[in-house]
Amino acid sequence: INKASSSSSLYSSSSSYSSSYTEDSVDPPPSTSAFTTTTASTFSSPSNIFYSVKKVDKKYAEAFDEIQPLQYDFYRDTCPGAEQIVRSSVRQIHQLRPDISPALLRLVFHDCFIEGCDASVLLDDAGGSGSEKDSLPNQSLKGFDIIDMIKSQLENECPGIVSCADILVLAARESVVLAGGPFYPLHTGRRDSPVAYPDLATYELPSPLDDLSRTTDLFASRGFDERETVSLLGAHSTGMIHCKFFHSRLNNFKGTGVPDSTLDSDFLDILRSKCFNNQSSSSSPLSSPSPSASTTASLPLSPSPSSVSTINVSAVSSIPDTAMKMDYEGPGRGFGTLYYRSLLQGKGLLFVDQQLTSGEETETWVRAYASDVNLFQRDFALVMMKLSDYRVLTAPMGQVRLDCRKVVI
Ligand code: HEM
Ligand SMILES: [Ca+2]
């Protein structure tokens, strides 16, 4: 990433957004889901073994007899509209800015990967102790303002009840559904971390230039096997990737003086023309029209009839730099399938993606997912549930922040 970031002059400040997302019904959970039953009695998370106490909090935890488990519909009595508020907020934002919702999915990965799903990524630097969001791998994260908006909705509705960590996983699920991915049931009751982990964010988040063994090691150390790692990366079926994250593959890959040999040659030409002539018109298959910078709207949020709160869409940040749509061959090809088929053709955008075809086991899963979208969607649902429950904090650990950017002192 270091190398890549230094070449930002290559890229224009234009951005593009995908018009490929469709509004599909998520209410009630779609029957295409791998899960048709979402009651507490019949649904059990696949990730209970990751339900562990963090090192920093261990002493504190020992003072208590019992750490509460996550629950299905944790807010049913304390804030019954919570999940619906998150859902409708994300969907309304998505209607105006479809480029933004994939950012929420990325955000949850960057949170959960560093000390678990505890909203540590959302904290601003306070008192010079640093923040995860300022670490190098997190500098292109977006969506913090969206989480703030959703949080303020929830604070209006039920003050001090809904954690930022729960908002993150619920918003990411909505983003998956909006991108054509599967619905999956989620437990709630996460609490927020009282600290951020800027050093871990700097050194432990995967790089787009990582080779396969580094990637599988990072995931394995968090309990994700190769199949799960391959399915998680299917998240790269949606959203945008800026040229700076793969441009080194196009000419002088890792100092070799030649492009990355794993890159398909026609695809290489396309990427070069997009990244090095980034004023090219929107008619290219790799780009979409830029969203209007001046988009401003006021969205009423359901479902609370008493709520008069709105989301100010002009506050949604715009995306700088030239970016490629992940679904660069065209929309509507199904969440997952195109990504894996592209990898088999040497058309992965990131080196880290393409590397999935270089290992025997990972390549087997790439092939399986490329040819069976149902298998992928089922595995993706399961692995998102596992990721969302990874090393959570629950009462009496952690806290419920009032502002997702600040700890409660
Ligand atoms: C080896 C692991 C991974 C690496 C190195 C990686 C790296 C990246 C990079 C460099 C981008 C482009 C960001 C930009 O151009 O602004 C990106 C985008 C994205 N990543 Fe990953 N990623 C990884 C795994 C994941 C996982 C596990 C998920 C989710 C489960 C995920 C979700 C996303 C999404 C949705 C985007 C698009 C974001 C947007 O459009 O704003 N990534 N990733
Ligand atoms: Ca975290």
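**Group meeting: a walk through a predicted protein model**

Hi everyone, let's start with the parts list: the protein chain has 14 helices and six strands. Here helices (H or I, at least four residues) and strands (E, at least two) are DSSP runs, numbered from the N terminus. What we are looking at is a predicted model, where local features need pLDDT of at least 70, side-chain atom pairs count only at pLDDT 80 or more, and totals for chains, interfaces and linings use all residues. Residues are numbered from 1 along each chain as its sequence is written, while chains are lettered from A and ligands numbered from 1 in the order in which they are written.

Now, the inside. Of the 409 residues of the protein chain, 44% count as buried. Buried means that 20 or more other C-beta atoms lie within 10 Å of a residue's own; exposed means 12 or fewer, and partly exposed is in between, with C-beta atoms placed from the backbone.

In soluble globular proteins, nonpolar side chains tend to be buried together. A nonpolar core is a set of buried Ala, Val, Leu, Ile, Met, Phe, Trp, Tyr and Cys residues joined through C-beta atoms within 7 Å. The largest one here has 73 residues, and those touching the most other members are Leu104, Val108, Ile147, Ile167, Leu168, Ala171 and Ala172. Elements giving two or more residues to this core include α3 (82-96), α4, α5 (144-157) and α6 (164-178). Which helix gives the most? That is α6, with 11 residues.

Let's zoom in on Leu168. Apart from neighbours within four places in sequence, Leu168 is in contact with Leu107, Val108, Asp111, Cys117, Ala119 and Ile147. In contact means that the two C-beta atoms, placed from the backbone, lie within 7 Å. There is also a second, separate core of 12 residues, with Met240, Cys243, Cys275 and Phe351 among them.

Next stop, the ligand. There are 24 residues around ligand 1, and Ala103, Pro206, Ala235, Gly239 and His242 come nearest; to be near, a residue needs its C-beta atom, placed from the backbone, within 6 Å. The shell around ligand 1 draws at least two residues from each of α4 (101-112), α9 (226-233) and β3 (240-242), and α4 supplies the largest share, five residues. By type, the shell has 15 nonpolar, seven polar and two charged residues. For that count, Ala, Val, Leu, Ile, Met, Phe, Trp, Tyr, Cys and Pro are nonpolar, Asp, Glu, Lys and Arg are charged, and the others, Gly among them, are polar.

Let's follow α9 to its partner. How do α9 and α14 pack? Their axes are 9 Å apart, at an angle of about 100 degrees, and therefore the two helices are roughly perpendicular to each other. The α9 side of the contact is Arg227, Glu228, Ser231 and Leu232, and the α14 side is Phe376, Asp379, Phe380, Val383, Lys386 and Leu387. Axes are lines fitted to C-alpha atoms, for helices over the stretch in contact, and angles run from 0 to 180 degrees between N-to-C directions. Under 35 degrees counts as roughly parallel, over 145 as roughly antiparallel, 65 to 115 as roughly perpendicular, and the rest as oblique.

Most residues other than glycine have a negative phi, and most peptide bonds are trans. Asp73, in the loop between β1 (71-72) and α3, has a positive phi near 55 degrees. Ala395 and Pro396 are joined by a cis peptide bond, with omega about 10 degrees.
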